Amino acid sequence: TVLFHEEQKEALQRRENQDTGTFSLLRELDIFKPLKNDELTNLLTNGKRKMYQTRETIIKQNDPGDSFFLIEDGYVSIWVEDTSTKSNVKIRVLERGDFFGEMSLLTGEKRQATIKTESDVEVFEIEKTPFSEIVLKNPEIIEKLTKILTDRQLKNKDLLKQASKQLMGTTREEISSTLLR
């Protein structure tokens, strides 16, 4: 019984330490800076911590989505389908403190990209309902997220164009070298 009690205490301490780390990450994000501590605590209480192994897909492009993710540990890559080549293009890598999935959460549109893990990853997922409650009380969050959304969409389009050009260049070179052999 004593051993079981000690294991419970250790598990609670680990959870408390994780929550403290997540709280700090949330507090550091520009979009959440206007929030009061109790509002951040509400997000923390209603969110879910999820673990993924290397090379797992967290979300898929064109799937519905009503949550966003904060990366607590590890690396994920963003992949977008290039409609001109019908291939998936890796446009960016995100790390601890970065977030993704906010576009679908805010706009109600389908997921704009596929997110794959580059390492073992721990994320904190915040769903629409608790997020909406916070946003209704803090409209400045929408302003910040709108700017982030616009910046990301422009950056992603530029990155996709660059990656597509590289892919097309590589493909042409490969075809040329194959034909000349």
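Are Phe68 and Phe131 buried or exposed? Select the two residues: both Phe68 and Phe131 are buried. Keep in mind throughout that this is a predicted model.

**Stop 1: the aromatic rings**

The structure holds five aromatic pairs. Begin with Phe32 and Phe68, whose ring centres are 6.1 Å apart. Their planes meet at 35°, so this pair counts as tilted. Phe32 belongs to the loop between helix H1 (2-28) and helix H2 (37-46), while Phe68 belongs to strand E3, so the pair ties together parts that are 36 residues apart in sequence. Phe32 has a relative accessible area of 0%, and the value for Phe68 is 1%. Both values fall under 20%, the limit for calling a residue buried.

Phe68 and Phe131 form an edge-to-face pair, with 5.5 Å from centre to centre and 75° between the planes. Phe131 is in helix H4 (residues 128-137) and Phe68 is in strand E3, so this pair ties together parts that are 63 residues apart in sequence. Select Phe99 as well: ring pairs link Phe32, Phe68, Phe99 and Phe131 into a cluster.

**Stop 2**

In soluble globular proteins, nonpolar side chains tend to be buried together. Here, the largest nonpolar core has 20 residues, and the members that touch the most others are Phe32, Phe68, Ile126 and Phe131. Two or more residues of this core come from each of H1, H2, E3, E8, H4 and helix H5 (140-180). A second, separate core has 16 residues, among them Phe69, Ile71, Val89 and Ile91.

Return to Phe131 and show its surroundings. Leaving aside neighbours within four places in sequence, Phe131 is in contact with Phe32, Leu43, Phe68, Leu105, Leu106, Ile126, Ile141 and Leu145.

**Stop 3: the sheet**

Which strands make up the open sheet, and in what order? Show the strands as a cartoon: the order is E1-E8-E3-E6, and the pairing is antiparallel. At the edges are E1 and strand E6 (99-100), each of which pairs on one side only.

Walk across the sheet from E1. Strand E1 (residues 48-52) pairs with E8 over five bridges, in the antiparallel sense. Select Met51 to find Glu122 of E8 standing opposite. Next, E8 pairs with strand E3 (residues 67-73), again antiparallel, over six bridges. On this side, Val123 in E8 stands opposite Ile71. Last, two bridges join E3 to E6, and these strands also run antiparallel. Phe69 has Phe100 of E6 as its bridge partner.

Why is E8 described as largely enclosed by the rest of the structure? Six of the seven residues of E8 are buried, so the description follows from that count.

**Stop 4**

Select Ser119, which is found in the loop between strand E7 (114-117) and strand E8 (121-127). A polar atom of the Ser119 side chain lies 3.0 Å from the backbone nitrogen of Tyr75. Not counting residues up to four places away in sequence, Ser119 touches Tyr52, Gln53, Thr54, Gly74 and Tyr75.

Finish at Lys116 and Trp79. The charged end of Lys116 sits over the ring of Trp79, at 4.9 Å from the ring centre.

Definitions and conventions: Residues are numbered from 1 along each chain as its sequence is written. This is a predicted model: local features need pLDDT of at least 70, side-chain atom pairs count only at pLDDT 80 or more; totals for chains, interfaces and linings use all residues. Side-chain values use heavy atoms; hydrogens and water are left out. Helices (H or I, at least four residues) and strands (E, at least two) are DSSP runs, numbered from the N terminus. A polar contact is a pair of N or O atoms within 3.5 Å; within protein, one must be able to donate a hydrogen and the other to accept it, and residues adjacent in sequence count only if both atoms are side-chain atoms. Contact means heavy atoms within 4.5 Å. Buried means under 20% relative accessible area, exposed over 50%, partly exposed in between (1.4 Å probe, protein chains only). Two strands pair if DSSP finds at least two bridges between them. Rings of Phe, Tyr and Trp (its six-membered ring) pair if their centres lie within 6.5 Å; planes under 30 degrees apart count as stacked, over 60 as edge-to-face and the rest as tilted. A charge sits over a ring if NZ of Lys or CZ of Arg is within 6 Å of the ring centre and within 35 degrees of the ring normal. A nonpolar core is a set of buried Ala, Val, Leu, Ile, Met, Phe, Trp, Tyr and Cys residues joined through side-chain atoms within 4.5 Å.
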